[in-house]
Amino acid sequence: MSEFFAMGGYGLYVWGSFGMSALLMVAEPLLLQRQRREIITTLLRMARQKRGEARTMDEGVIE
Amino acid sequence: MIKTLWTVVQRDLTLALRNRSDLISNLFFFIIVVSLFPLGIGPELETLRLIAPGVVWVAALLASMLALERIFASDFDDGSLEQLLLTPQPLPLLVVGKILAHWLVTGVPLVMISPILGIQYDLSSDVLWILVVTLLLGTPALSLIGAIGAALTLGLRGGGVLNALLVMPLTIPVLIFGAGAVEASASGLGGEGHLYMMAAILVVSLVFAPLAAAAALRISVE
Amino acid sequence: MHSRLINWFKFSSPATFYPLAGRLVPWFTWGAVLLLGVGLYLSFFVAPTDYKQGEGYRIIFIHVPAAWMSMFLYLVMAGWAAIGLVFNTRLSAMMTSSLAPTGAMFAFLALWTGAFWGKPMWGTWWVWDARLTSELILLFLYIGFIALKSSIDDPRRGDRAGAILILVGVINIPIIYYSVQWWNTLHQGSTIKMSGETSMDEVMLITMLIMTFGCWSYAFATALSRVRCIILERERGTTWVQELIEKEEGRGA
């Protein structure tokens, strides 16, 4: 098994390049999901704020 | 057509010559950058002769990029750019006029001073001549391509640096052929091939750059 | 007449495109995972060792797809930019900006793997070789585009300015490539000649194509999911986004 990782002496270079590719191609989708969750939470907060203001406006009471 | 072109060039030239300060500062930037390299690399004439074309060309590229912002910025601030857009004359023509005026103000002084700077690098006379010719062909192409970046980054914060970042990749062929021509002729290989390519790049950018810059202006000023 | 005319613009409105993209993303993600899995298996266990470079040549199975993808994505961006400018459809501009980060990543990957391959074969990490240099310039073009988009606040101007920059860039790519080629070339002749026979073993070629399609569907998945984020951000004022948010809230997101 270890000779597989040695890659005929080029281990550092082969795993260096495949490792970086794997790292980036996994990190990007994760970042995307986080970005999507962030947008949805901000939009939710804004929607709640708007609904909040609407309620206080109806009751005529503005904190 | 020519009349409108000439009026735009005249207007810009008078404006630029009124405040000579940034004209002079741009020229001195070029001189200082070119004179700094021998201090950094050492006085051996052999190495200096070797690096001369590259150094002069990179300095010319940086100097012209530094000056690009002023093509549209002053008109944009005082609103005369909108008036320019509203005129019936074709916008690309006006843009060519402004770029030509800008080149006359910044490019030509570089070309005129470069032989004197070339002597610092102990270049022989025919190499100096080729250097001047390549700069004469190259600096207008730099101004044309740079004008697209200037139009795109009009009125943006950090516009100067952003403009250099946008335009730098596009001006690399000019730099390669410019420095290459001087090197080739210095080493006796003959730089005609490079010069033809530079003339081709100049003509292509003369045709396309004003169109792109005009479109970019319409977007930026909206 | 109308029935035969396919309504090209049916999916050009963000509202209809958003759910479509949502349905497509899982397909492309699984496609990418599957293809890359098979490709990796082939490149490590099936492809024969190279007579000259031994095992080190296996880096080609990620270097070449990344380089192809970086150029391909730039052309796709240019296509979307042109459509955006001509038809003034906001969605195509959103597609352009959603492709940029993935393209920049592939350009960086191509440089990184190229350097890691160059070290054992040519002895140094960075070699001023024609292809690596033009790849570096392509990366600068990507970064320039992303910098321009992020520095313009008004989305409408940002889209169209970005589109012009990309189109100007695309005209320059062949010029940059050949001027760098003229300037210096160390890279061995392209091993895959579309016209003549390729000087590569059959299995190696198939592996590389599978890896390329894997990266291709990966890029599709990321671009589509990023365009959904952009749509949400840009269309936050619209009613359909509000309803979507209510639904999201209902599910306790």
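This is a predicted model: local features need pLDDT of at least 70, side-chain atom pairs count only at pLDDT 80 or more; totals for chains, interfaces and linings use all residues.
## A salt bridge to start with

## Where chain A meets chain C

Now widen the view from that pair to the whole interface. On one side, 29 residues of chain A take part, and they are in contact with 43 residues of chain C. Together the two chains bury about 3,200 Å² between them, and carbon and sulfur atoms account for 75% of that area. Which three residues supply more of the area that chain A buries against chain C than any other three? They are Tyr13(A), Phe18(A) and Met25(A), with 20% of it.

Polar contacts cross this interface too: five residue pairs are found, with both residues at pLDDT 80 or more. On the side of chain A that touches chain C, helix 2 (residues 11–59) of chain A gives the largest share, 25 residues.

## Chain A by itself

Chain A has 63 residues, and 30% of them are buried. Its secondary structure is quickly listed, with two helices and zero strands. The chain exposes about 4,300 Å², and 65% of this comes from carbon and sulfur atoms.

## Where chain C meets chain B

Chain C also touches chain B, through 27 residues of chain C and 25 residues of chain B. About 2,300 Å² is buried between these two chains, 78% of it given by carbon and sulfur atoms. Arg157(C), Ile164(C) and Trp182(C) supply 27% of the area that chain C buries against chain B, which is more than any other three residues.

Here, too, the count is one salt bridge. Asp153(C) forms it with Arg157(B), and the closest N and O atoms are 3.6 Å apart. Three residue pairs, both members at pLDDT 80 or more, are in polar contact between chain C and chain B. Two elements of chain C give two or more residues to the side that touches chain B: helix 4 (130–151) and helix 5 (155–183). Helix 5 of chain C brings the largest share of that side, 15 residues.

## How the chains are arranged

Which chains share the most contacts? Of the two pairs of chains in contact, the answer is chains A and C. Chain A and chain B, by contrast, do not touch, and their nearest C-alpha atoms are 24 Å apart.

## A closer look at Thr106(B)

Inside chain B, Thr106(B) belongs to helix 6 (residues 91–120). Is Thr106(B) buried or exposed? Its relative accessible area is 5%, so Thr106(B) is buried. A polar atom of its side chain lies 2.7 Å from the backbone oxygen of His102(B). Beyond neighbours within four places in sequence, Thr106(B) is in contact with Asn26(B), Ala67(B) and Arg70(B).

## Two cysteines of chain C

Finally, consider two cysteines. Cys215(C) counts as buried because its relative accessibility is 0%, and Cys229(C) is buried as well, with a relative accessible area of 2%. A disulfide is a covalent bond between the sulfur atoms of two cysteines. Over all chains, the structure holds zero disulfides.

Note on methods: Residues are numbered from 1 along each chain as its sequence is written. Chains are lettered from A and ligands numbered from 1 in the order in which they are written. Side-chain values use heavy atoms; hydrogens and water are left out. Contact means heavy atoms within 4.5 Å. A disulfide is a pair of cysteine sulfur atoms within 2.5 Å. Buried means under 20% relative accessible area, exposed over 50%, partly exposed in between (1.4 Å probe, protein chains only). Helices (H or I, at least four residues) and strands (E, at least two) are DSSP runs, numbered from the N terminus. Accessible areas come from the Shrake-Rupley method with a 1.4 Å probe; for residues, only the protein chains shown count as cover. Buried area is the accessible area (1.4 Å probe) that two parts lose on being put together, summed over both. A salt bridge is a side-chain nitrogen of Lys or Arg within 4 Å of a carboxyl oxygen of Asp or Glu. A polar contact is a pair of N or O atoms within 3.5 Å; within protein, one must be able to donate a hydrogen and the other to accept it, and residues adjacent in sequence count only if both atoms are side-chain atoms.
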